[in-house]
Amino acid sequence: MRVRNPMVIHYVRDMERACAFYGDTLGLPEEPTPDSGSSGWNTFRCDGLIVALHILPARDSREGPLPHAGLNLQVDDLDAALAELKAGGGTVRAIQEAGGGVPVRVAEVTDPDGNGFELREHVG
């Protein structure tokens, strides 16, 4: 497995407030992305790391802020990467398939010590 493009994703309820915080307060430059803001997705650059903001759906949704730091790493083949992860002692907690305008498959995983992070595969 080869991972790349480190990204920390923070799930937010108010995109305007979050963008002001990360852009104005922390001084991170905004990365141009298609439909920034309107799609519920904004990204900022922090040296070699992408800090992504993803809007949360309504409060009664099963989604919420992640119970870990939000580390998210890209892989070419999620299924193959998950097999390697399990063989190395990691655990797959959940897989979210692409759909509903989201062009990525995301797996919530843990390392052998229980530290959580995500692996993502772009599919569209």
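Predicted model: local features only at pLDDT ≥ 70, side-chain atom pairs only at ≥ 80, totals over all residues.
Helix α2 is followed by G89, a residue whose phi is positive, near 100°.

Residues are numbered from 1 along each chain as its sequence is written, and side-chain values use heavy atoms, with hydrogens and water left out.

## The buried side of α2

Which residues of α2 are buried? They are L78, A81, L82 and L85, where buried means under 20% relative accessible area, exposed means over 50%, and partly exposed lies in between (1.4 Å probe, protein chains only). These residues cover an arc of only 100° around the axis, which puts them on the same side of α2; the arc is that of the directions from the helix axis to the C-beta atoms. An α-helix has 3.6 residues a turn, so residues three or four places apart point the same way.

The buried residues of α2 pack against β6, β7 and β8, and packing is judged by contact, which means heavy atoms within 4.5 Å.

## The chain as a whole

The secondary structure of the protein chain comes to two helices and eight strands, and along the sequence these follow the pattern β-α-β-β-β-β-α-β-β-β. Of the 124 residues in the protein chain, 34% are buried. Among the contacts with a separation of 6 or more, 54% are made by residues 24 or more positions apart.

The protein chain exposes about 7,200 Å², and carbon and sulfur atoms supply 51% of that area. Accessible areas come from the Shrake-Rupley method with a 1.4 Å probe, and for residues only the protein chains shown count as cover.

## The sheet and its helices

The strands form an open sheet of eight, in the order β2-β3-β4-β1-β5-β8-β7-β6, with mixed pairing. The strands β2 (30–31) and β6 (91–96) stand at the edges, each with a single partner strand, so one side of each is left without a neighbour in the sheet. Helix α1 (residues 15–25) packs on the sheet, where it touches β1, β3 (41–46) and β4 (49–55), and its direction makes about 160° with that of β4. Helix α2 (residues 78–87) also packs on the sheet, touching β6, β7 and β8, and its direction makes about 5° with that of β7. For these angles, axes are lines fitted to C-alpha atoms, for helices over the stretch in contact, and the angles run from 0 to 180 degrees between N-to-C directions.

Two strands pair if DSSP finds at least two bridges between them. Strand β1 (residues 4–12) runs antiparallel to strand β5 (residues 71–74) and is joined to β5 by three bridges, and the bridge partner of R4 in β5 is Q74. Strand β5 is in turn joined by three bridges to strand β8 (residues 116–122), and these two run parallel, with N72 opposite E118 in β8.

Strand β7 (residues 104–110) runs antiparallel to β6, with five bridges between them; A94 stands opposite E108 in β7, and T91 has T110 as its bridge partner in β7. Seven bridges join β7 to β8, which run antiparallel, and there the bridge partner of A107 is L119. Strand β7 is mostly covered, since six of its seven residues are buried.

R105 is found in strand β7, and at 12% relative accessibility R105 counts as buried. Its side chain makes a polar contact with the side chain of E97 (2.8 Å). A polar contact is a pair of N or O atoms within 3.5 Å; within protein, one must be able to donate a hydrogen and the other to accept it, and residues adjacent in sequence count only if both atoms are side-chain atoms. Not counting residues up to four places away in sequence, R105 touches several residues, including L78, D79, I95 and L119.

## A18 in helix α1

A18 has its place in helix α1, and with a relative accessible area of 7% A18 is buried. Leaving out residues up to four places away in sequence, A18 touches V12 and L53.

Conventions: Helix = DSSP H or I, 4+ residues; strand = E, 2+ residues; numbered from the N terminus.
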